[in-house]
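Please read them with the structure open.

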Amino acid sequence: MYSSMDLELDYLVGAVSNPKKPFASIVGGSKVSSKIGVIESLLSKVNILILGGEMIITFYKAHGLKVGSSLVEEDKLELATSLLEKAKSKGVSLLLPSDVVIADKFAADANNKVFRPIAFLMAGWNGPMGLFEFEKFAAGTEVISKKLAELSGKGLTTIIGGGDLVAAVEKVGLADKMSHNSTGGGASLEILEGKTLPGVLALNDA
């Protein structure tokens with residue numbers, strides 16, 4: 001019997017061990033520290049790595065940009081710089097957003113502006129490519145979701161991982177357009193890092 005677990009592993013392990021080229025990955029989230037492993041692992045496999053969410057603020061500051069009162073992991077600035085250099089040395093296109101939404105609060109009625117190019121940021125944000133729960137902050141996530149759905153329709157494999165991102169593509173009605181929506185949460189990231197999960201080993205042995 002072929003289970004949903006088998007399907008999950010086929011997609012996620014396949015993405016790590018035998019990816020089809022060109023291989024692109026999009027990683028979002030609030031902190032660089034929680035994504036170090038998966039970013040470093042992906043840099044040895046992908047052709048394009050796109051970063052989003054609040055963690056990009058640390059990369060912006062590593063680039064020398066002003067970031068206002070946004071959240072910066074000061075102890076990870078050196079790491080962010082090294083990841084940018086590693087991407088360059090491996091010929092990986094590491095892409096950061098060219099514009100951002102700034103606002104005075106996290107709320108549906110926030111006063112917000114789109115800034116491009118980045119010069120000054122006020123409030124931080126989080127999520128796949130922004131605080132998609134509120135329409136004023138959802139543009140980045142929605143645009144990328146639509147593009148992934150379009151590419152999936154052209155035969156590209158699109159894997160959606162993480163509870164927030166799966167919720168985001170469901171919100172815009174595109175979940176069924178993707179090749180695979182991972183329900184594994186944090187475990188999915190560990191698989192993409194190349195880690196072996198004890199539970200998966202036990203199931204395989206059984």
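1. Is F134 buried, exposed or partly exposed? With a relative accessibility of 26%, F134 counts as partly exposed, because that class lies between buried (under 20% relative accessible area) and exposed (over 50%), with a 1.4 Å probe and protein chains only. F137, at a relative accessible area of 6%, is buried.

2. On the source: this is a predicted model, in which local features need pLDDT of at least 70 and side-chain atom pairs count only at pLDDT 80 or more, while totals for chains, interfaces and linings use all residues. Residues are numbered from 1 along each chain as its sequence is written, and side-chain values use heavy atoms, with hydrogens and water left out.

3. The structure holds 1 aromatic pair. The ring centres of F134 and F137 are 6.5 Å apart and the planes meet at 55°, so the pair is tilted. (Rings of Phe, Tyr and Trp, the last by its six-membered ring, pair if their centres lie within 6.5 Å; planes under 30 degrees apart are stacked, over 60 edge-to-face, the rest tilted.)

4. Overall, the protein has 8 helices and 7 strands (DSSP runs numbered from the N terminus: helices are H or I of at least four residues, strands E of at least two). Of its 206 residues, 40% are buried. Among contacts (heavy atoms within 4.5 Å) with a separation of 6 or more, 60% join residues 24 or more positions apart.

5. β1 pairs with β2 (residues 48-51) in the parallel sense over 4 bridges; S25 has L49 in β2 as its bridge partner.

6. The largest nonpolar core has 29 residues, and those touching the most other members are I39, L42, L43, L49, L51, F59 and L94. (A nonpolar core is a set of buried Ala, Val, Leu, Ile, Met, Phe, Trp, Tyr and Cys residues joined through side-chain atoms within 4.5 Å.) At least two residues each come from α2 (36-43), β2, α3 (56-62), α4 (77-90) and β4 (100-103). α4 gives the most, with 6 residues.

7. Leaving aside residues up to four places away in sequence, F59 touches V32, L51, A80, L83, L84 and L96.

Definitions and conventions:
Two strands pair if DSSP finds at least two bridges between them.
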